[in-house]
Amino acid sequence: MRRVWVLQAQGMLAVEPQALQGVLELSSWLKLPLAPPWLAGVLAIRGGIAPLVDLASWLGWGQVNPTRAALLRAANQSLALVIEEVVGLELLPELPNQESWAEASLERQGQALPVLGLDRLLAHLERDARTWAREGSWV
């Protein structure tokens, strides 16, 4: 069993309790021209900046209207994920991991729920952004 925060962003996903630093109501952020469609922009947070990522779009779940973000932190990296809501803190059973970008998979209401591994996720996002730029997808 594993205790995680469950987040709603078109689909459900989870984060470790220590990774969730807060939830922000989005009023303004800097949109980046020529950025991949899943990179909504950047946020100024606590004297630094964090990428604002629409993970639902990256996963092919559809886009989420950016009105709320979950601020996540791992090691020295911050990331803001566009979310619809925080469902709650839940204790869930583990499943075999099903996603390379996830740290683990849990079972919730008969469905596999990915637990975000921020280091893995950021590596995948960086790789996809480089591929997107190299292929000239922004043209």
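The model is a predicted one. Its open sheet is built from 5 strands in the order β3-β6-β7-β5-β4, with mixed pairing. The largest nonpolar core holds 36 residues, and a second, separate core holds 8 residues.

**The sheet and its helix**

- Strands of a sheet pair through backbone hydrogen bonds, either parallel or antiparallel.
- In the order β3-β6-β7-β5-β4, the edge strands are β3 (20–25) and β4 (39–45), each of which pairs on one side only.
- On average, neighbouring strands of this sheet are turned by 30° against each other, direction ignored.
- Strands β6 (residues 68–74) and β7 (residues 77–83) run antiparallel and are joined by 7 bridges; Leu 71 stands opposite Ala 80 in β7.
- Helix α2 (residues 118–134) packs on the sheet, where it touches β5 (48–53), β6 and β7. The direction of helix α2 makes about 80° with that of β7.

- Strand β4 is largely enclosed by the rest of the structure, because 5 of its 7 residues are buried.
- Strands β4 and β5 run antiparallel and are joined by 6 bridges; Leu 43 stands opposite Ala 50 in β5.
- The hairpin of β4 and β5 has 2 residues between the strands, and in this hairpin Arg 46 takes a positive phi near 50°.
- Ala 40 lies in strand β4. Apart from neighbours within four places in sequence, Ala 40 is in contact with Trp 29, Leu 30, Lys 31 and Leu 52.
- Ala 40 and Gln 111 are 71 residues apart along the chain, and their C-alpha atoms are separated by 28 Å.

**Nonpolar cores**

- In soluble globular proteins, nonpolar side chains tend to be buried together.
- Within the largest nonpolar core, Leu 72, Leu 81, Leu 116 and Leu 121 touch the most other members.
- The elements that give two or more residues to this core are β1, β2 (11–15), β4, β5, α1, β6, β7 and α2.
- Not counting residues up to four places away in sequence, Leu 81 touches Val 53, Leu 55, Arg 68, Ala 69, Ala 70, Leu 72 and Leu 116.
- The second, separate core of 8 residues includes Val 4, Ala 14, Leu 92 and Ala 104.

**The aromatic pair**

- A pair of aromatic rings is described by the distance of the centres and the angle of the planes.
- The structure has 1 aromatic pair. The ring centres of Trp 58 and Trp 101 are 6.0 Å apart and the planes stand at 75°, so this pair is edge-to-face.
- Trp 58 belongs to helix α1 (residues 55–58), whereas Trp 101 lies in the loop between β9 (94–95) and β10 (102–108), so the pair ties together parts that are 43 residues apart in sequence.
- Both partners are buried: Trp 58 has a relative accessibility of 16%, and Trp 101 has a relative accessible area of 6%.

**Arg 2 and its surroundings**

- Arg 2 is placed in strand β1 (residues 2–9) and counts as buried, at 15% relative accessibility.
- The side chains of Arg 2 and Glu 103 are joined by a polar contact of 2.4 Å.
- Leaving out neighbours within four places in sequence, Arg 2 is in contact with Glu 16, Glu 90, Leu 91, Leu 92, Glu 94, Glu 103, Ala 104 and Leu 106.

Note on methods:
Residues numbered from 1 in each chain as written. Predicted model: local features only at pLDDT ≥ 70, side-chain atom pairs only at ≥ 80, totals over all residues. Heavy atoms only, no water. Phe/Tyr/Trp six-rings, centres within 6.5 Å; stacked < 30°, edge-to-face > 60°. Helix = DSSP H or I, 4+ residues; strand = E, 2+ residues; numbered from the N terminus. Buried < 20%, exposed > 50% of the residue type's maximum accessible area, 1.4 Å probe, protein only. Polar contact = N/O pair within 3.5 Å; in protein donor to acceptor, adjacent residues only side chain to side chain. Contact = heavy atoms within 4.5 Å. Pairing = 2+ DSSP bridges. Axes fitted to C-alpha atoms, helices over the stretch in contact; angles between N-to-C directions. Core = buried A, V, L, I, M, F, W, Y, C linked by side-chain atoms within 4.5 Å.
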